[in-house]
Amino acid sequence: MPNQIFYTLQKSSSPFLDKRLLDYSSEDWYPFHMPGHKRAPLAFPNPYSIDITEIEGFDNLHHPQGILKEAQERAAMLYGSRETFFLVNGSTSGILAAISAAIPRQGTLLMSRNSHKAAYHAAYLRELETVYLLPAGTGFGIAGSIQPAHVAQALEDLPQIDGVFLTSPTYDGILSDIRKIADLAHSRGLPLIVDEAHGAHLAFSEEFPAPALQCGADLVIQSLHKTLPCLTQTALLHVNSSRIDLDVLRRFLGIYQTSSPSYLLMASMEQCIRYMKTEGRERMAQYLQLLAQFYTRAKNLRRLQVFEGVSCTEGECFAQDISKILISAGSSGLSGKELYDTLLNRYHLQMEMASGHYVTALSSLMDTEEGFQRLISALEEIDKNSYSHAPLPKSSLLDAQAIYRLPKPSMSISKALDCPSESLPLRSSIGHISQEYIYLYPPGIPLAAPGEILTGSLLSVIGQCQAEGLPIEGPSDITNNRIRVVKG
C-alpha cells in the first residue's frame, strides 16, 4: 500500500516526542500547513535503519559520481532543467548559493522587497548593494505581482545592477510575469533568480500557472517539502542557463550546505521524485477536483471571503496559485488572528498563518476529501453564526500595502552589521539606523533591514502588528521592546 509506513513508533520518556509530536499526530488536528505530505507518508523504512554517512558505494552529495548523481539527473529530467542539485539545508541554502554564485562580491542586486530573509542574508555575506522592487497592492489586501515595467525602469536607471531576484509564487500564491522579466534581464546579459520555494508542484498540472523554469529563469529554487510529499528541509536548486558558472555554484553549495548531508532527506527527495513521476499527475488531478469543489462552495459564504483572483484588477496579479487558500474575515467582525484561533481551537484546523484580516491554509495533493470537508463546513458555520454585518474598519486592520513599504536606506546591510552598535528602546529609535531585522514570521519578509532608517510610520505598523497578536521577530531582544541601532 503506498501510504503504509513500515515501522511503528513507541512511547518513550521524551516529552518533545511523546507529549507534542506523537500526541499531535494521533489526535484529530488537521494540517493546512507545511509540510506537503500532510502526515500521509509514502512507503518508507524505519529512518534509523537507513541513516548512514558517505560510506563506500553510497556516493557523496558534494562530489556525486554514482547514485546521487543519477538521482539528481532524474530530478532534472522531471522538471526540465539543465542541472538540478539536491538541497538538504532547505531553500535557504539554495537562495544563499544562487545569489552568491550569480552576483559578484560588492555587486548590486535588484530584488523584490517581499523576498525571504535568506536573500537579505546573501546580500550581507556578499556585501551587496540592494535595490528593491515593491509588489503591487491588491483589493484583497495582499501583495501582488512585481510589475515588468518597474523592472525595466530600474534596469534603465541603474546600469550597475548585476542580477535580478524575485519571489514567485509568493507566500500568498501570487506569481509575477517571469517570462517578461526574464527577457528584460537577459536583454542586458543579466541572470534572473527565482525563489519558487512555494511552487515545486506547479509543473504537474496545466491548471497551475507556468513554473519559472518554463519561463526562462536562470536559477530556480524549490522547496519540495512545502507543497509535495517530502520531508521538511528538502529542496532543489535548478540551473536553466549557461549564464551561471557551475563550478562557482558548486563551491557555494559546499559552503552553505552541511558537510554531512542527511541520507534520510535525500532518500525522501528521491522517493518524492519517483512518486510525482509515476503517480503524481493522477493524484494531482484528484486533488484539483477537491480544490474546485471547495472553491465552489466557498462562493456561497456571505461574510467570510475566500480569495480566488476576484480582487485582482489588471496589473495587480499576473497569476494565482489556487493551492494557497486565503480566507478573509470579511464582514464577520473578526480579525485574521481571531479567525485563525477559532479554526484552531474550535475545529482543530491548523492554518499556516494569520495576517491582519485573513488566514492562509496551505493545501497539497496529499490533502483528503475529509480535510476539505472539515474546512468548508467550519467556514460555513462561522459565516452563519457571525453577528457583525460590517467589516472591521480598514484603519484597524493591516494589509500588505500598510506593512511592506519601500525603506529609507542609509547604508548597505553589510556595512550596517559591521558598525559599532547600541541598544535603544524601540519607541526611542526613530531616525536611527537599524542594525537588526524586524519581520513578521511567517513569512520572514523584513519590515526593516539593517542599514535602513527607522521611521515613525514603521514603528506604528510594528505596534499595530503586536496589538493584533501577529508574531514580530528579528530583534535580539525577544520582547521587542528594544532594538540595536548603528552607534553615532
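Visitor: Is Arg188 buried, partly exposed or exposed, and what is its relative accessible area?
Guide: This is a predicted model, and the accessibility of Arg188 is computed from it. Buried residues fall under 20% and exposed ones over 50%, with partly exposed in between. Arg188 is therefore partly exposed, with a relative accessible area of 41%.

Visitor: Which residue forms a salt bridge with Arg188?
Guide: Side chains of opposite charge can pair when their charged atoms come close. The cut-off for a salt bridge is 4 Å between nitrogen and oxygen. The closest N and O atoms of the pair are 2.9 Å apart, and the partner of Arg188 is Glu156.

Visitor: How many residues apart in sequence are the parts that Glu156 and Arg188 tie together?
Guide: Glu156 and Arg188 form a salt bridge. Glu156 lies in helix α5 (residues 148–157), while Arg188 is in the loop between α6 (178–186) and β7 (192–195). The pair therefore ties together parts of the chain whose separation in sequence is 32 residues.

Visitor: Is Asp218, which forms a salt bridge with Arg243, buried or exposed?
Guide: The closest N and O atoms of Asp218 and Arg243 are 2.8 Å apart. Asp218 lies in the loop between β7 and β8 (219–223), and Arg243 in the loop between β9 (235–239) and α8 (246–256). Arg243 counts as partly exposed at 40% relative accessibility. Asp218 has a relative accessible area of 0%, and is buried.

Visitor: Which helices are linked by the salt bridge of Arg297 and Glu380?
Guide: The side chains of Arg297 and Glu380 meet at 2.7 Å, N to O. The two residues are 83 residues apart and link distant parts of the chain. Arg297 counts as partly exposed at 30% relative accessibility, and Glu380 likewise counts as partly exposed at 29%. The helices are α9 (residues 263–298) and α11 (residues 369–385).

Visitor: How many salt bridges does the count come to?
Guide: The pairs include Glu156 with Arg188 and Asp218 with Arg243. There is also a network of salt bridges that links Glu83, Asp247 and Arg250. The count comes to 15.

Visitor: How many disulfides are there?
Guide: A disulfide needs two cysteine sulfur atoms within 2.5 Å. Cys230 is buried, at 1% relative accessible area, and its closest cysteine sulfur, in Cys272, is 4.4 Å away, too far for a bond. The count of disulfides comes to 0.

Visitor: At roughly what angle do the axes of α2 and α9 cross?
Guide: Two packed helices are described by the angle between their axes and the distance between the axes. For α2 (residues 67–79) and α9 the axes come within 10 Å. The crossing is left-handed, and the angle is roughly 35°.

Visitor: By class, how many nonpolar residues does the contact of α2 with α9 have?
Guide: Residues of α2 in the contact include Leu68, Ala71 and Arg74, and those of α9 include Met266, Glu270 and Lys277. The contact has no polar residues and 3 charged ones. The nonpolar residues number 9.

Visitor: How far apart in space are Leu237 and Gly333, C-alpha to C-alpha?
Guide: Leu237 is found in strand β9 and counts as buried at 0% relative accessibility. Among the residues it touches are Phe85, Ala98, Val220, Ile221 and Leu253. Gly333 is 96 residues from Leu237 in sequence, and their distance in space is 43 Å.

Key: Residues numbered from 1 in each chain as written. Predicted model: local features only at pLDDT ≥ 70, side-chain atom pairs only at ≥ 80, totals over all residues. Heavy atoms only, no water. Helix = DSSP H or I, 4+ residues; strand = E, 2+ residues; numbered from the N terminus. Buried < 20%, exposed > 50% of the residue type's maximum accessible area, 1.4 Å probe, protein only. Axes fitted to C-alpha atoms, helices over the stretch in contact; angles between N-to-C directions. Left-handed = near helix turned anticlockwise from the far one by under 90°. Contact = heavy atoms within 4.5 Å. Nonpolar A, V, L, I, M, F, W, Y, C, P; charged D, E, K, R; others polar. Lists of a residue's contacts leave out its neighbours within four places in sequence.
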